[in-house]
Amino acid sequence: MISKAKIKYIRSLEQKKNRRNEGVFVAEGPKIVSDFLKTQTAVFIACTARWKAENTYWQCLETTETAIVTDEELKKISFLQHPQEVLAVFRQAENKTIAPDVRRLYLALDGIQDPGNLGTIIRIADWFGIEHIYCSIDTADIYNPKTVQASMGSLAHIGISYTDIPLLIDSLPTDYPIYGTLLDGKDIYNEPLTPHGLLIMGNEGNGISAPVKSRISRRLLIPNYPQGRKTADSLNVAIATAIACSEFRRRQTINKL
């Protein structure tokens with residue numbers, strides 16, 4: 001059973017200001033909650049009796065406040081249309097801007113606004129072995145419930161920093177590749193790609209901001225097909241990120257052969 005006060009508290013965490021004030025966020029569903037429990041202790045867990053019986057591994061961690069709930073009670077606190085057995089509250093990670101390792105490939109997100117796009121990009125980065133993402137200050141909140149859900153647990157695996165992207169670029173060696181996807185860029189499939197660098201993805205509507213764009217040293221274009229006919233004006237930013245990351249990793253594999 002779960003109290004009315006706890007229901008009100010969890011529902012309040014849908015708002016960014018409340019998440020920030022409390023320093024916590026909500027994760028839902030067996031897959032996502034399980035991934036977070038492998039890396040940290042939950043502050044609170046609401047779960048069905050069946051989920052608890054099938055997932056005893058987390059109980060060996062530090063004491064976590066737990067409420068066994070019915071499906072109807074879970075609906076009252078869930079942010080999902082169809083709740084999935086378990087909801088947990090976790091502590092937010094401290095925002096730390098780590099210095100990039102110039103031997104690695106990183107993503108930088110410049111003004112990404114849609115929480116679903118952000119979560120999908122985090123999942124894409126995880127799949128392609130990109131271990132850290134730099135977000136501009138105006139990028140959506142990684143702890144938005146929609147972002148957490150769209151990341152499908154990858155948020156537990158990826159380091160993320162909110163920082164001033166132009167300042168970050170200026171702190172890097174002058175020969176460190178700064179890639180950006182732009183409509184006036186050069187065909188990504190014909191351009192040389194390094195296994196290291198900073199790959200910048202821009203805002204859904206406006207693209208990469210002027211201060212960041214001026215610092216890009218290697219402008220890339222994902223070409224449309226077939227050439228010569230009317231197509232969509234642009235790609236969804238998460239899809240574009242997946243295509244670009246895939247080509248970087250494909251090229252890295254080829255170069256090792």
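Strands β1 and β4 run antiparallel and are joined by five bridges. Helices (H or I, at least four residues) and strands (E, at least two) are DSSP runs, numbered from the N terminus. The model is predicted: local features need pLDDT of at least 70, side-chain atom pairs count only at pLDDT 80 or more, and totals for chains, interfaces and linings use all residues. Residues are numbered from 1 along each chain as its sequence is written, and side-chain values use heavy atoms, with hydrogens and water left out.

The two strands belong to an open four-stranded sheet of order β1-β4-β2-β3, with mixed pairing. Its edge strands, β1 and β3 (65-68), each pair on one side only. Pairing requires at least two DSSP bridges between two strands. Neighbouring strands are turned by 15° against each other on average, direction ignored. The angles run from 0 to 180 degrees between N-to-C directions, with axes fitted to C-alpha atoms, for helices over the stretch in contact.

Ala 88 lies in β4. Ala 27 stands opposite Ala 88. At 0% relative accessibility, Ala 88 is buried; the term means under 20% relative accessible area, with exposed over 50% and partly exposed in between (1.4 Å probe, protein chains only). Leaving aside residues up to four places away in sequence, Ala 88 touches Phe 25, Val 26, Ala 27, Val 33, Ala 42, Phe 44 and Ile 45. Contact means heavy atoms within 4.5 Å. Ala 88 and Leu 37 are 51 residues apart in sequence and 9.3 Å apart in space, C-alpha to C-alpha.

Helix α3 (residues 30-37) is largely enclosed by the rest of the structure, because six of its eight residues are buried. These are Ile 32, Val 33, Ser 34, Asp 35, Phe 36 and Leu 37. They pack against β1 (24-28), β2 (44-47), α4 (49-54), β4 (86-91) and α7 (145-151).

The largest pocket holds about 740 Å³ of space. Of its 29 lining residues, the closest to the centre are Leu 182, Leu 183, Asp 233, Ser 234 and Leu 235. A pocket is an open set of points on a 1 Å grid over the protein atoms alone, where a 1.4 Å probe fits, with protein on both sides within 12 Å along at least five of seven lines; lining residues have an atom within 4 Å of a point. Strand β8 gives the most to this lining of the largest pocket, with four residues.

Conventions
Points joined across faces, edges and corners; volume = space filled by probe spheres on them.
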